[in-house]
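Subject: Structure for your review

Dear colleague,

Please find below the structure I am handing over to you. My findings follow it.

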Amino acid sequence: MTTAREIMTAGTECIGAEETVLLAAQKMTELGVGALPICGTDNKLKGMLTDRDIVVKVLGAGKDPGQTKAGELAQGEAVTIGADDDAGEILRTMASHKVRRLPVIDGHDLVGMVAQADVARALPDPQVGDLLEALSTD
């Protein structure tokens, strides 16, 4: 079966936990992505930062994106997938955690990102439909 390593986008960039949300937004714009992993000074994954997080938790809350650190928005442990995990595990993880993007980890190293669109391209239609349904329900 297809593995995360085979369908992921490699070369995923992090935003440092001590870097500002403004820098994260600029990086998202430059890379054309809607989310960035948050990495600590130890290069370990601390969480995910989405464009929605920036709008709701920073701008909507009246915070200054130039002063707010990305690490302040990291919530708990990031949901990840192993590079050699199969597509079935990717589907289960996305559905159970209601996430559309998964950082791909090889050991302790971030090696890529699997997005809902990657899964949709790699899997048969019925499985994709099940994932979309799971992500769309509360």
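From the N terminus on, the order of elements in the protein chain is α-β-β-α-β-β-α-β-α-β-β-α-α, which amounts to six helices and seven strands. Helices (H or I, at least four residues) and strands (E, at least two) are DSSP runs, numbered from the N terminus. The model is predicted: local features need pLDDT of at least 70 and side-chain atom pairs count only at pLDDT 80 or more, while totals for chains, interfaces and linings use all residues. Residues are numbered from 1 along each chain as its sequence is written, and side-chain values use heavy atoms, with hydrogens and water left out.

Overall figures

The protein chain has 138 residues, of which 39% count as buried. Buried means under 20% relative accessible area, exposed over 50%, and partly exposed in between (1.4 Å probe, protein chains only). The accessible surface of the chain is about 7,600 Å², and carbon and sulfur atoms account for 48% of that surface; these areas come from the Shrake-Rupley method with a 1.4 Å probe. Of the contacts (heavy atoms within 4.5 Å) between residues at least 6 apart in sequence, 53% join residues at least 24 apart.

Strand β3 (residues 35–39) is largely enclosed by the rest of the structure, because five of its five residues are buried. A35, P37 and C39 cover one side and L36 and I38 the other, all of them buried. Strands count as paired if DSSP finds at least two bridges between them. β2 and β3 pair in the parallel sense over two bridges, and I15 has I38 as its bridge partner in β3. With strand β4 (residues 45–50), β3 runs antiparallel and is joined by five bridges; here C39 is partnered by L45. β3 and β4 form a hairpin with five residues between them, and N43 in the turn has a positive phi of about 65 degrees.

Nonpolar cores

A nonpolar core is a set of buried Ala, Val, Leu, Ile, Met, Phe, Trp, Tyr and Cys residues joined through side-chain atoms within 4.5 Å. In the largest one, of 14 residues, A4, I81, I90, M94, V104, V114 and V119 touch the most other members. The elements giving two or more residues to this core are α1, α4 and β6 (101–106), and α4 gives the most, with four residues. Not counting residues up to four places away in sequence, I81 touches A4, E89, I90, T93, L102, P103, V104 and I105. Apart from this core lies another, of 12 residues, among them I15, A17, L49 and A70.

Salt bridges

A salt bridge is a side-chain nitrogen of Lys or Arg within 4 Å of a carboxyl oxygen of Asp or Glu, and the count by this rule is five. One of them joins D84 and R5 (3.3 Å, N to O). This pair links distant parts of the chain, 79 residues apart: D84 is in the loop between β5 (81–82) and α4 (87–97), and R5 is in helix α1 (residues 4–7). D84 is exposed, at a relative accessible area of 56%, whereas R5 is partly exposed, at 35%. R5, D84 and D106 are linked in a network of salt bridges.

Within helix α3 (residues 51–59), K57 and D53 lie four residues apart, about one turn of the helix. Their salt bridge has its closest N and O atoms 3.4 Å apart. K57 is partly exposed, with a relative accessible area of 26%, while D53 counts as buried at 14%.

Yours sincerely
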